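Biologist: I would like to learn how to read a sheet and its surroundings from the coordinates. Please show the structure, and we can go through it feature by feature.

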Amino acid sequence: MSSQEHPSVTNFRNYIRINTVQPNPDYASCTEFLRGQAEELGAACQVIECVPGKPNVIMTLVGDDPTLPSFLLNSHTDVVPVFPEHWKYDPFSAHKDGEGNIYGRGTQDMKSVGIQYLEALKRLKKDGHKFLRTIHLTFVPDEEVSGGNGMGRLVETKVFREMNVGLGLDEGYSSTDNKMLVFYGERSSKAVKIKCSGQPGHGSQFLPNTAGEKLRKIINTFLDYREQQQQKLRDNPRLSLGDVTTINLTSLEGGVQPNVVPSELYVGFDVRVPPSELDHFETMVAGWCKEAGHGVSYVFDEKALDSKEMTCAEDGKNPWWDAFSDACKKENIELEKGIFPAGTDSHYVRKLGIDVLGFSPMNNTPRLLHDHNEYLNEKVFLRGIDIYATIIPALANVKSF
Ligand code: ZN
C-alpha cells in the first residue's frame, strides 16, 4: 500500500513521526528534517535560535524583485501533549486507516500546513514558476506554549526586519462543513484575578462588609455576563466564538480556617475578548469591581498580550486580501471570515503592522486540534496542496502597491 502512496503524504507522515510534543519537543530532529526539505526545495535555509534550543528554521526563495515586501508562510513545529490511553493509535505513528485518515498529533495543528506549503512550492518550482516577490517560510518553535520564545522573539530580530514581510499566512482550523475558514484577527486572552477584601472576624457573627459578600457579587456579575454572551452567540447564527467574549471561572483562593472570616478572597477568570471589545472590557471590569464594594481590585495577567490589530479583509481595500480571496474563488472555495477564538503566533506579526491571514485548508473535517485522536484525511491533505499551489503564486505575484 505504501508503494502507491502519494509522496507528499509520505512526507507528511514522516513529519508527524518526529516527536515535537511539549514540554520537551525534539527540535533537533525536526530541524534536521526541515533542512532536508529546504534542500529538496532548493531554498536557502538558516536556523536562528533567539533562545538556545529553540530553533526557528527560515527558508527563502528570492523573488524577481527582492526590494518588494515579501510573502511569509509561517507554521509552528511543536504540538500539544497527548493522553495516549485515549488514542486509537500511537499519536506519533501517523497511522493511516482504510479510509485514508492519518492519525497523529499535529495532523491538523499544524504540521499538515507546514508540509502543504513545502509540497505546493516544490510542485510550482518543478513546473517552472517564478515569483515576483521573495517567499519566506518560517518554521517556529513553542507556539503551543504561547510563542514567547519562538515567534515572539523572532519578530524582534534584525533577520526578521530584513525579511521585510508584507503579508503572512499562518494557521486557522478546520471547518466541519464544505466552507473553509479564514481569520483576520484573534481574541485576546485576558486572564484576570480579582481580590476581594473586607472585615475579618469570628465566624459566629453577622459581620458587615465581608470579603465573601463581595466575592459573591463579583462571581455573579462575571457569570451573568458569560450567560449574556452565550445567549448572543446562540441567537445569531452569523456569529462565531471569535465574535463574543467567553468567561470561565478558573480559580478560587483564600480562607484561613472554618471559624475565621477572612480578610481576603480571590477569584480568577479566563477571559477571551474580541479585538473590538478590548477597551470596553477593561472599563467594564473596573466598573464591576467598583460596584462590588470598597476593597475590590483587579489585576490582568501581565504576560498576556493584547491582540487589537486586525488585517483588512474587505474586497477592494487591501490588495493582499483581494489576491487571496480571488485565488480561493478560483479553487471554488467558499470562505467564511472570522476572528480566531484563541491565540496564535499571528498576533506577534500583526503587532508590527504586518497583514496576516490565518488559514488551514481543511473542510469537512471534525475539529480535533488539541483533542484525542487528531486526524486528517489524506484527500483533504492533498487538496490543501492544490489550494496552496494556487494561493502562493497569486500572493507572491501581487504587484507593487
Ligand atoms: Zn497551532
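Biologist: Which residue stands opposite Gly 358 in E16?

Modeller: Keep in mind that this is a predicted model. Strands of a sheet pair through backbone hydrogen bonds, either parallel or antiparallel. Here Asp 170 is the residue opposite Gly 358 of E16. E6 and strand E16 (residues 355–359) run parallel and are joined by four bridges.

Biologist: How many bridges join E3 to E6?

Modeller: Four, and these two strands run parallel.

Biologist: How many of the residues of E6 are buried?

Modeller: Burial here means under 20% relative accessible area. Six of the six residues of E6 are buried, so the strand is mostly covered.

Biologist: In what order do the strands of the open sheet follow one another?

Modeller: Eight strands make up the open sheet, in the order E1-E2-E5-E3-E6-E16-E7-E15, with mixed pairing. Strand E1 (44–51) and strand E15 (335–340) are at the edges; each has a single partner strand, so one side of each lacks a neighbour in the sheet. On average, neighbouring strands of this sheet are turned by 25° against each other, direction ignored.

Biologist: Which helix packs on the sheet, and which strands does the helix touch?

Modeller: Helix H3 (residues 111–126) does, touching E2, strand E3 (70–76), strand E5 (135–140) and strand E6 (165–170). The direction of H3 makes about 155° with that of E5.

Biologist: In which sense do E1 and strand E2 pair?

Modeller: E1 and strand E2 (residues 54–61) pair in the antiparallel sense, over seven bridges. Among the pairs, Ala 44 has Thr 60 in E2 as its bridge partner.

Biologist: Where is Gln 205 found?

Modeller: Gln 205 is in the loop between strand E10 (201–202) and H6. The residue is partly exposed, at a relative accessible area of 45%. Sequence distance and spatial distance should be read separately. Gln 205 and Asn 259 are 54 residues apart along the chain, and their C-alpha atoms are separated by 10 Å.

Methods. Residues are numbered from 1 along each chain as its sequence is written. This is a predicted model: local features need pLDDT of at least 70, side-chain atom pairs count only at pLDDT 80 or more; totals for chains, interfaces and linings use all residues. Side-chain values use heavy atoms; hydrogens and water are left out. Two strands pair if DSSP finds at least two bridges between them. Axes are lines fitted to C-alpha atoms, for helices over the stretch in contact, and angles run from 0 to 180 degrees between N-to-C directions. Contact means heavy atoms within 4.5 Å. Buried means under 20% relative accessible area, exposed over 50%, partly exposed in between (1.4 Å probe, protein chains only).
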